[in-house]
Amino acid sequence: MYKKLSGMTGTALTEAEEFSKIYKLETVVIPTNRPMVRKDLNDLVYRSEGGKFKAVVEEVKRRHATGQPILVGTISIERNEVLGEMLEREGIVPQVLNAKHHEKEAGIIAQAGRLGAVTIATNMAGRGVDIMLGGVPPSKNVIARSEADADSSLRSEQAPQSPDNVDGTNNDNPHSEIASLPAVARNDSDIDYKTWQEEYKKVIAAGGLHIIGTERHEARRIDNQLRGRAGRQGDPGSSQFYVSMEDDLMRIFGGDRMKNLMTTLRVPEDLPIENGMVSRSIESAQRKVEGNNFDIRKHLVEYDDVINKHRETTYRKRREILELAERDTVIARNEAKRNDEAISRTASQDMSEIASLPAVARNDKTESVAPAKKTLSAIILEMIENEIEQAVIFHTAADSSAEWNINEIYQVMSTVLPVEQKLKEELAGLVKDGDKLDKVKVRTKICDHLMALVKTNYEKITKLAGEAGINWRQVEKAVLIRSFDMLWMEHLEAMDHMRAGIGLRGYGQRDPLIEYKKEAYYLYNELNNLIQKQVAYSIFKVADLGNFAVPTLKQRPQNYIAPAKTMDKNTGSFAAFKQADSGKKKNDTVDLVHEKVKDAEGQKVGRNDPCPCGSGKKFKKCHGA
């Protein structure tokens, strides 16, 4: 679809293998603008999740007391709320972001670098926003310009209040520029730039933004995204992950065994295990999960490539049909325009002047624009020819020509287009004359004879369609496009159905992907054959010569009357079509309203009542059937 693929992200290095194998793209690492000074501390592993959260709260309290800003990252909204309640019980009110109000949360997380700020956020909350130490700085230029405008306005005469200004505020107030700015830009706490600089220095002295991860994720890039919130543009910062043996990642890769060992050794809940080897083991587990997910995605791409090849080929053929139809329409329009111009010039110029005109302008039959080789008619005739060849080869597969089924070939041709009975005799004559010839030559003669008949009839219906004012090119396009569209949808359903159960081939020691490709190949060939059959067996039915006949004046008016209580014998409900010359007799009608059957006492017999004949059956099963 795209000629070039490229992108930029801060976490592509861990997925370099996937970019290379699937998209054939190399990953290049661009050095940072300023040296990275962030400290990435070793993971702390706890026995239980409760002990982990208690340790996180204690760490937040300790760092909050020094004024260091803290960002706590969690994996879910539920963990956000639990951790927020635990911090509130300790007297710390954090900003909790749950990725529900993106614009508002983006402004909050932009201020997460202020002195003493504590923010709890999920992975999705506030993504793409830089956290600046000390908060978003106020613009020195805006403040200086505003102060100058305020001094000049005090010296000038106060302007009268506008009648539209019903709230009593002055729209010409120079401070309205600041008031109109967003809350993040104008800094509602009314601190000036110098005050912000002092706070920025205090945050730097406290160690910058500290990142606390409450759980390791399956993908390292998500952890790297959380770490990357701190230490941007050379700012100081630190990060550390808190892990428990009850986390999903640890449970998958032997966490239960490690937890039982820690329980046996009576390790307290709040006592962490901190070691570089543990952190490397966790990263190794993450790499295994990433490799497994990569295999799943790669397998999915390989399956999609199969149907994508079908899609590209089918869409290319469909696009070709549309382009040919549009081109034929343009050519026909230009020819009509040139004919009109030639006629108008004939009326105003002598024949000598007309003869001197170019061939295109004078519509000279001796010199005309050569039509393109491929047309919609050529595509349809090619499909019909392929269908005829298949039928002839199938019914002439016997070694002896005497055993060839000429009658079936005739029947096939009669379903393609209307043929006469003498065609059977002509085919038999070809076979009889070709007994001593090569069988391939005889089959070729039969195919050529049938195709000549097809082309003759096709030219005839094309001519009749033009005389009737029908755009035959649009009819051809409609037949082809409808065949492609309907059968393509059925093909997609068949592919989905086949793929749903192809995995069972693995129990037979067969690769499901190889089996899927084989079955897809058979289904695609079947799709092309069905499209060919659909077009070959429908084009002459659509072009029924009677459909192009203009109705006569006698056929146009018809007198319809409502169905009567009585009607002709052996006719349907549409026989209420009154004919002028229909002579009816009284004995030719039957009464449509039957009298109800009565029993010996004169009561009407219901459908579920016993039959009056005494058979013991219900009336509806006996004489009422």
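**Close-up views of a predicted model**

**View A. Glutamate 81 and a surface patch of negative charge.** Glutamate 81 is part of helix α3, which spans residues 77-89. In this predicted model, Glu78, Glu81, Glu85 and Glu88 form a negatively charged patch on the surface. Glutamate 81 is classed as partly exposed because its relative accessibility is 42%.

**View B. Strand β5 and its parallel partners.** Strand β5 covers residues 118-121; Val118 and Ile120 point to one side and Thr119 and Ala121 to the other, and all are buried. Strand β3 (residues 70-73) pairs with β5 in the parallel sense through four bridges, and glycine 73 stands opposite alanine 121. Strand β4 (residues 95-97) also runs parallel to β5, joined to it by three bridges. Here valine 96 stands opposite isoleucine 120.

**View C. Salt bridge between arginine 79 and glutamate 215.** The two side chains meet at 3.0 Å, N to O. Arginine 79 belongs to helix α3 and glutamate 215 to the loop between β6 (209-213) and α9 (220-227), so the contact ties together parts 136 residues apart in sequence. Arginine 79 is partly exposed at 26% relative accessibility, whereas glutamate 215 is buried at 6%.

**View D. Salt bridge between aspartate 485 and arginine 318.** The closest N and O atoms of this pair are 2.7 Å apart. Aspartate 485 lies in helix α19 (residues 472-502) and arginine 318 in helix α12 (residues 276-348), so the pair ties together parts that are 167 residues apart in sequence. Aspartate 485 is partly exposed, with a relative accessibility of 27%; arginine 318 is likewise partly exposed, at 27%.

**View E. A network of salt bridges.** Arg505, Arg510, Glu515 and Glu519 are linked in this network.

Notes:
Residues numbered from 1 in each chain as written. Predicted model: local features only at pLDDT ≥ 70, side-chain atom pairs only at ≥ 80, totals over all residues. Heavy atoms only, no water. Buried < 20%, exposed > 50% of the residue type's maximum accessible area, 1.4 Å probe, protein only. Helix = DSSP H or I, 4+ residues; strand = E, 2+ residues; numbered from the N terminus. Pairing = 2+ DSSP bridges. Patch = residues over 30% accessible without salt bridge, like charges linked within 9 Å, V, L, I, M, F, W, Y side chains within 5 Å. Areas by Shrake-Rupley, 256 points an atom, 1.4 Å probe, with all protein chains shown as cover. Salt bridge = Lys/Arg side-chain N within 4 Å of Asp/Glu carboxyl O. Lys, Arg positive; Asp, Glu negative; His and termini not counted. Charge placed at Lys NZ, Arg CZ, Asp CG, Glu CD.
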